[in-house]
Amino acid sequence: MKPALTVRGTATRLTHGGRTPAEHHGFVNPPVYRGSTVLAPTVDSLLNYRQPYVYGRLGSPTTAALQEALRELDGSAGVLFCPSGLAAIALALQATLTSGDHLLMTDVAYRPARRLCEGVLNRQGITTQWFSPSLGADDLRRLINPKTRAIYLETPGSQTMEMSDIPVLVAVAREAGLLVIMDNTWATPLFFDAFSYGADIVIQAATKYIAGHADVMLGIVSASERALPLLREYHRETGLCVSPDDAWLTLRGLRTLAVRMRQHQENARHLAQWLAGREEVQAVWYPALETDEGHALWQRDFTGAASLFTVVLQPAPAQAVAAFLEGLQLFGLGFSWGGFESLALPFDCSEYRLAPPRQPVGPCVRFYIGLEDPDDLRRDLEQGLRRFNAERD
Ligand SMILES: *Cc1c(COP(=O)(O)O)cnc(C)c1O
């Protein structure tokens, strides 16, 4: 027996977590166990679930390997899988809230999460109140009533990238006995340690950085000891599961997460800084930039920045923005992000916030910076801004 290394750094955990080659004839990676039926050696084992795996929906050695690797990475008590990040949000909210409950949600939450609250949750008698990401302790206390059961945070927020003071909000939430739910898709556990900041439940769209290759849809819900039983029960009762192939691809993506994140961050900073200096650009919303309103909070609480940010262009007609984006050679136009390839997404800021956004806004474009050579990306954007200018005049 080799002596166990008790303390493992993040990159080591990512490369070694959940791997048991000795159980797989020495092969480095676990195989994809595809299956529904799992045979039992005896009636007792079958009927009393006395074996690690009993039915495909309830897990396989492939999903268990991913669970173990993620649990070691984020320090949670347990991890559950859903067919998408949005389904993970639905699991977290539906398993913990019930008719009559009141939820507080940041106004910059991922838009489909908002729609879930306005739709299904609302019909089930769960009410949601949205709050500004810059909310302070006293304002939060005023929003809490006897029916308030949970607070939902996403920092930085989707599209506007606004930061919240997480320790302040979590302290008030804990004082009031609320469950703290966080969407940590942007930062991943590498750049924000959500559980050490008091989260009970952490959601991640593994579709994005964790799987990392634009080839998988998968959602993760990680939970503390306190929240796990509720989630487990709901997950099992509603039959949520993921395919072993998707779990395997996610596990494969996870192995290189540290090195990918380092490069994504470096490329994104380079381009965000360059864009911020252009006269066509009014603002770059990216907490890693010193000029960003949320920079101090990001610097205090985060250990790195993802490669997703928003650029606010100078006022221009829609065809100027289209000319800019449609002619890009390296940036694709498309939803989602987290793969190896760069993307651009134009959006109307007023659709993403109930309250007015933090400043008068021109056309907004969310950029996702991939793993291409940053100089090539810069030249692509430079040519795009030339087209933008030509259509603007
Ligand atoms: C993409 C995303 C989700 C949803 O993930 P899907 O796998 O696309 O359903 C949730 N939260 C955030 C912050 C996201 O960016």
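Trainee: Which strands form the open sheet, and in what order?

Mentor: This is a predicted model, in which local features need pLDDT of at least 70, side-chain atom pairs count only at pLDDT 80 or more, and totals for chains, interfaces and linings use all residues. Residues are numbered from 1 along each chain as its sequence is written, and side-chain values use heavy atoms, without hydrogens and water. The open sheet has 5 strands in the order β8-β9-β12-β11-β10, with mixed pairing; strands are DSSP E runs of at least two residues, helices H or I runs of at least four, numbered from the N terminus.

Trainee: What makes β8 and β10 edge strands?

Mentor: β8 (281-285) and β10 (332-333) each have a single partner strand, so one side of each is left without a neighbour in the sheet.

Trainee: How do you know that β8 pairs with β9?

Mentor: Pairing requires at least two DSSP bridges between two strands, and 4 bridges join β8 to the antiparallel β9 (residues 308-313); Ala283, for instance, has Val312 in β9 as its bridge partner.

Trainee: Which residues of α3 are buried?

Mentor: Buried means under 20% relative accessible area, with exposed over 50% and partly exposed in between, using a 1.4 Å probe and protein chains only; Thr62, Thr63, Ala65, Leu66, Ala69, Leu70, Leu73 and Asp74 of α3 are buried.
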